Amino acid sequence: MKRFVGLDGIEGMALIAIVLYHCRQSSLPGGFYGVDVFFTVSGFLIATSLFRSYARSGRIDLAHYAVKRLVRLYPALVFMMLVVISAAWFWFHDALVSILNQVIT
């Protein structure tokens, strides 16, 4: 399976741009372009994956694709949420306002 290594790098740089924009919005006007780049590259990679699946089996199984993504992404998501909530508990209690609603979302 062919990988687009350069696109992974662009996607990573877009994520860094998004984080930096949220850290210093006043000094980085227009930083929201990282979101556009991230979604464009992600959409291309998702479409490529689905097209390859169709070429291989003659059909697109969205349920299988969704389960595969959940298994890959949710462990890291849960770990990240635990780390961020723990850090907020120690250093920035105001961030924990309505945290249950944020976690559910």
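**Conventions.** I number residues from 1 along each chain as its sequence is written, and I work on a predicted model, in which local features need pLDDT of at least 70, side-chain atom pairs count only at pLDDT 80 or more, and totals for chains, interfaces and linings use all residues. Side-chain values use heavy atoms, with hydrogens and water left out.

**Confidence.** I looked up pLDDT (the predictor's confidence in each residue, from 0 to 100). The chain has a mean of 83, and 98% of its residues reach 70 or more. Confidence is highest in H2, at 88, and lowest in helix H4 (residues 99-104), at a mean of 78. I take helices as DSSP runs (H or I, at least four residues), numbered from the N terminus.

**Helix H2.** I checked the length against the expected span (1.5 Å times one less than the number of residues). The 25 residues of H2 should span 36 Å, and the end C-alpha atoms are 36 Å apart, so the two agree. I then listed the buried residues (under 20% relative accessible area, 1.4 Å probe, protein chains only). In H2 they are Gly-34, Val-41, Ser-42, Thr-48, Ser-49, Leu-50 and Ser-53. Their cover includes H1 and H3. Gly-58 follows H2 and has a positive phi, near 85°.

**Ser-53.** I placed Ser-53 in H2 (residues 33-57). Ser-53 counts as buried because its relative accessibility is 19%. Leaving out residues up to four places away in sequence, Ser-53 touches Gly-58 and Arg-59 (contact: heavy atoms within 4.5 Å).

**Largest pocket.** I used a 1 Å grid over the protein atoms alone, where a pocket is an open set of points at which a 1.4 Å probe fits, with protein on both sides within 12 Å along at least five of seven lines; lining residues have an atom within 4 Å of a point. The largest pocket has a volume of about 930 Å³ (the space filled by probe spheres set on the points). Of its 29 lining residues, Leu-45, Ser-49, Tyr-65, Arg-69 and Arg-72 are the closest to the centre. H2 gives the most to this lining, with 12 residues. By class, I found 11 nonpolar, 7 polar and 11 charged residues in the lining.

**Second largest pocket.** I noted about 370 Å³ of space here. The lining has 15 residues, with Met-80, Met-81, Ile-85, Gln-102 and Val-103 nearest the centre. H3 gives the most, with 8 residues. The lining divides into 13 nonpolar, 2 polar and no charged residues.

Methods: Helix = DSSP H or I, 4+ residues; strand = E, 2+ residues; numbered from the N terminus. Buried < 20%, exposed > 50% of the residue type's maximum accessible area, 1.4 Å probe, protein only. Nonpolar A, V, L, I, M, F, W, Y, C, P; charged D, E, K, R; others polar.
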